[in-house]
Amino acid sequence: MNWVNQLIVAPILLPLLTAGLMLMLGEKRRPLKAKINLLSSLLGVGVAALLLYWTQQGGPGSIGVYLPGNWQVPFGIVLVVDQLSALMLVLTGIIGVSALMFAMARWDRAGTSFHALFQIQLMGLYGAFLTADLFNLFVFFEVLLAASYGLMLHGSGRARVSSGLHYIAINLLASSLFLIGAAMIYGVTGTLNFADLALKIPLVPEADRGLLHAGTAILATAFLAKAGMWPLNFWLAPAYSSASAPVAAMFAIMTKVGVYTVLRLWTLLFSEPGRCLGTVRRRLAGVRRHDHHRLRGAGDAGGTTTGAHGQPEHSGVGRHPAVVGGFCPAEPDGRRAVLSGEFHPGLECAVPAGGADRALTLGQ
């Protein structure tokens, strides 16, 4: 359906245009900006729900494709929506609206440009779930991270600044690994388009396999660091605990982007039965089976926090290894378990962030 294909770009354009409008309005019109932000976020949820409805009505193979500039694959930018990406769009929209409604009580007035940064972060999240090539995935990663840097520091304070600097440094390092891994894969295959990679990776000569595997391993490290995957989650706990409640709720969906990317890329590029995630998956599965309690303890110890804001990190990030270790491209039941394990905890992480902070506010 042509109109659905045109609708695919709406979750990206809508927050982009909204952010630009709010920047022009300035800081003196915060009540108006809050209303525009909420309206735009609600429209985003509506568009995401419509895309999810369309993909479900068309069956498992329903895929919508949008080509900005009408450049053909693999040379142009490609946006793709299917059931998985549409589901993540809906999850992002729901958490975004919930966090925004809570922030409108007082947090949006704690600093400048909150509403514009909020919309830019939504744009990056939506784009990361819709893009179908590796380079634009990097671009949207950086868009959402750039906005998260400002939101992380929103409200000022020594704890936020200290945690924010560590948060920025680690993410810049992970982004560098992302670029290195993507460059290595491009050097071997000559493309970064997901669908084109799926066709060309089986044809890679044996002599180049080592370089290909090294590139994918570096990519995986970058993604799992951004997902707060144990043992790479040591940097994320202070960010959760220091950020304001609505920002911490948005961070809960940001970590899901890393898990989503691992699931998307590895099921697409390495889907041969029996390979799954190779050594990485076997080790994760071993940790899940034999050392789950120690893993959760280590996840908590990676940045033990006290008070309300520690809740999201303990409940969400610590469960990622067990979730990722449970899927295999050749096992549909494993994929369904991963999606269930990521969708519901995303909502669980967002609710305590706002609810606990509300309790502190009322107590004060």
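These are my notebook entries on a predicted model of one protein chain.

**Ground rules**

I number residues from 1 along each chain as its sequence is written, and my side-chain values use heavy atoms, with hydrogens and water left out. Because the model is predicted, local features need pLDDT of at least 70 and side-chain atom pairs count only at pLDDT 80 or more, while totals for chains, interfaces and linings use all residues.

**Entry 1: the whole chain**

I began with the secondary structure. The protein chain comes to 16 helices and two strands. Helices (H or I, at least four residues) and strands (E, at least two) are DSSP runs, numbered from the N terminus.

Next I looked up burial. Of the 364 residues of the chain, 54% count as buried. Buried means under 20% relative accessible area, exposed means over 50%, and partly exposed lies in between (1.4 Å probe, protein chains only).

Then I turned to contacts, meaning heavy atoms within 4.5 Å. Residues 24 or more positions apart account for 76% of them.

**Entry 2: α2 against α3**

I looked up how helix α2 (residues 10–25) meets helix α3 (residues 30–57). Their axes come within 10 Å and cross at roughly 175°. Axes here are lines fitted to C-alpha atoms, for helices over the stretch in contact, and angles run from 0 to 180 degrees between N-to-C directions. The crossing makes α2 roughly antiparallel to α3. For that label, angles under 35 degrees count as roughly parallel, over 145 as roughly antiparallel, 65 to 115 as roughly perpendicular and the rest as oblique.

I noted who makes the contact. From α2 come A10, P11, L14, P15, T18, L21, M22 and L25. From α3 come L32, K33, I36, N37, S40, L43, G44, V47 and L51. These residues divide into 12 nonpolar, four polar and one charged. Ala, Val, Leu, Ile, Met, Phe, Trp, Tyr, Cys and Pro count as nonpolar, Asp, Glu, Lys and Arg as charged, and the others, Gly among them, as polar.

I picked L14 in helix α2. L14 is partly exposed, with a relative accessible area of 24%. Beyond four places in sequence, L14 touches S40, L43 and G44. I also checked M123: it is 109 residues from L14 in sequence, yet their C-alpha atoms are 7.9 Å apart.

S40 counts as buried, at 5% relative accessibility. Its side chain makes a polar contact with the side chain of T18, at 2.9 Å. A polar contact is a pair of N or O atoms within 3.5 Å; within protein, one must be able to donate a hydrogen and the other to accept it, and residues adjacent in sequence count only if both atoms are side-chain atoms. Leaving aside neighbours within four places, S40 is in contact with L14, P15, T18 and Q119.

L38 also has its place in helix α3. I found V97, L100, M101 and M104 touching L38, not counting residues up to four places away. G96 is 58 residues from L38 in sequence and 9.3 Å away, C-alpha to C-alpha.

**Entry 3: the nonpolar core**

I asked which residues touch the most other members of the largest nonpolar core. They are L134, Y167, F178 and F223, out of 86 residues. Such a core is a set of buried Ala, Val, Leu, Ile, Met, Phe, Trp, Tyr and Cys residues joined through side-chain atoms within 4.5 Å. Helix α11 (residues 245–269) gives the most to this core, with 16 residues.

I followed F178. Apart from neighbours within four places, F178 is in contact with L134, L137, F138, F141, L219, A222, F223 and K226.

S175 lies in helix α7 (residues 158–189). S175 is buried, with a relative accessible area of 5%. I listed F138, E142, L145 and K226 as touching S175, residues up to four places away not counted.

N136 lies in helix α6 and counts as buried at 12% relative accessibility. N136 touches I77 and T131, again not counting residues up to four places away.

L153 counts as partly exposed, at 34%. Outside four places in sequence, L153 is in contact with R160, V161 and G164.
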